[in-house]
Protein chains: 2
Amino acid sequence: MNKEKTMNNNQHTNCCHHDNCSGNNESCVAIVPIFNHLEKSQMEEIMGVTHSVAYKKGEVIYSAGDQADSLYIVNMGRVRIYRLSEAGKEQLLRILKPGDFTGELALFNETLHEAYASAMVDTSICTVKRLDLQDLLLKYPSISLKVMAEFSRRLERAERQTTRLATEKVDTRIALFLAECLEVGSMNNEITLPMSKKDLASYLGTTPETISRKLYELETLGYIRLISNKKIQIIDLDSLLLI
Amino acid sequence: MNKEKTMNNNQHTNCCHHDNCSGNNESCVAIVPIFNHLEKSQMEEIMGVTHSVAYKKGEVIYSAGDQADSLYIVNMGRVRIYRLSEAGKEQLLRILKPGDFTGELALFNETLHEAYASAMVDTSICTVKRLDLQDLLLKYPSISLKVMAEFSRRLERAERQTTRLATEKVDTRIALFLAECLEVGSMNNEITLPMSKKDLASYLGTTPETISRKLYELETLGYIRLISNKKIQIIDLDSLLLI
DNA sequence: TTAAATCTTTGATGTAAATCAAGTTTTGAA
DNA sequence: TTCAAAACTTGATTTACATCAAAGATTTAA
């Protein structure tokens, strides 16, 4: 069951247990939307309270049940956020890219994490301690506005996903997902799946077998073309969305 | 209640499209968690920018596609927030009680509403305009902390629900729901369903028929006892959660 | 109070998608 | 580069649940 054969449970309480420590803080603060609108001097102040930590591919960043006391901002790499069902089945919730953050839930509520976060590739992360963050938010209210904007976006997405899982058939969920991949930006309607089909299945609340079959079916219908494992060309978006 | 009788209407500019207008602002600001921790003088300032509106049972408060420009705080009554699937199927997302708020999503993001809000019973609501709210948040950063705490709680719930819909069978989802109803507080393990079974079905991503059958099944197993339409006694919580 | 509308239950039937199993392909670490 | 471990595909089978239909409840409004 336990796929993370992590060497040791490293508690990154402070900085610098890992390699790339200091200095990186700068880039981190500068790239995240919640901070990068501030004055240079303010950013420098923030750098003072951030800690940079590096995680190897597969390493766990936090687990459900952990006491949450930091905000985690992805500086480089990719982080998967997932939950486990009662039966231990994994469900992928989202994938963080540089500039995204997590850990905030418990930060404001003194609760434990309910989700897991692990590094999908070698990843560097900046952390800000609960109390430091609260100070920052009180001192620079505009940060709060950014954080709230991000929260509300996430909330919107989470509720949209909830509705899809509750009301749409698998075909439709796949079609909607493909359409969203397309939106982002793509050469001649060609998309690259941002995750493995196993993960996609988990994200969409289905199984890899079903994903495989449905994609084949969509190709048969002439709506898409399967180019390679991760590449798909959308041929008829309108029909796709009418499924 | 009844404090409105003693009040005269001032300080609200474009209030009074509906009946019960003045005076209620006070109770509204005083009861919501995002404001009620403030100083009296600060609350009074906030009252100055809130508008009280009454909705009759069934009235729509906002619809998907509407431009969102206000925060809605429930003062009295009950509000259902729901979405429509691509096929027009309704999905209940949550039910707001006095003190809860909605409309915030688009408030920080200049987007349109994606959900619908309608009054389940006669309801009175306080609204705060986008710009007024932003001023308040910048002026009183502690309000932001409250709002973020509420957001993160909602996010947690939304993601939990997503995971349940994606990974659990209907039995389990029902069992988990019943268990949550129990938590809140209940005499001798007796719970009162907070919504119709039709709504519950929608919330849990299933159908009323299935709800009906599964509840009967749970009774047969001896885990619960169906007292009346809306009342259920939980007999064996542990077994219920092991389904 | 009564009738209409809405919700709920129960039964019969259909089906989408999960599961199981066994190959094939891709990936990544040594 | 090679080889083992994952990930992916395809087929056969099972099943959980939706759908349809029609009879009881309950709620609502006149």
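In which sense do β2(B) and strand β7 of chain B pair, and over how many bridges? I looked this up and found antiparallel pairing over two bridges, with β7(B) spanning residues 116-119. I counted two strands as paired if DSSP finds at least two bridges between them. Helices (H or I, at least four residues) and strands (E, at least two) are DSSP runs, numbered from the N terminus.

Notes on the model. I am working with a predicted model, in which local features need pLDDT of at least 70 and side-chain atom pairs count only at pLDDT 80 or more, while totals for chains, interfaces and linings use all residues. Residues are numbered from 1 along each chain as its sequence is written, chains are lettered from A and ligands numbered from 1 in the order in which they are written, and side-chain values use heavy atoms, with hydrogens and water left out.

Sheet in chain B. I traced an open sheet of four strands in the order β2-β7-β4-β5 (chain B), with antiparallel pairing. β2 (60-62) and β5 (90-96) of chain B are at the edges with a single partner strand each, so one side of each has no neighbour in the sheet. From one strand to the next, the twist averages 30°. I also noted that helix α7 (residues 197-204) of chain B packs on the sheet, where α7 touches β4 (79-84) and β5 of chain B. Contact here means heavy atoms within 4.5 Å. The direction of α7(B) makes about 105° with that of β5(B). Axes are lines fitted to C-alpha atoms, for helices over the stretch in contact, and angles run from 0 to 180 degrees between N-to-C directions.

DNA strand D. I found 19 residues around DNA strand D, the closest being Lys197(A), Lys198(A), Arg213(A), Val170(B) and Thr210(B). A residue is near the strand if one of its heavy atoms lies within 4 Å of it. Sugar and phosphate make up 63% of the atoms of DNA strand D that come within 4 Å of the protein. I located a backbone N or O atom of Lys198(A) at 2.7 Å from a phosphate oxygen of DNA strand D. α8(B) gives the most to the surface near DNA strand D, with four residues.

The two chains. I superposed chain A on chain B by a rotation of 180° with 0.0 Å of shift along its axis (RMSD 0.0 Å), using least squares on the C-alpha atoms of residues with pLDDT of at least 70 in both. That is the relation of a two-fold axis.

Conventions:
Polar contact = N/O pair within 3.5 Å; in protein donor to acceptor, adjacent residues only side chain to side chain.
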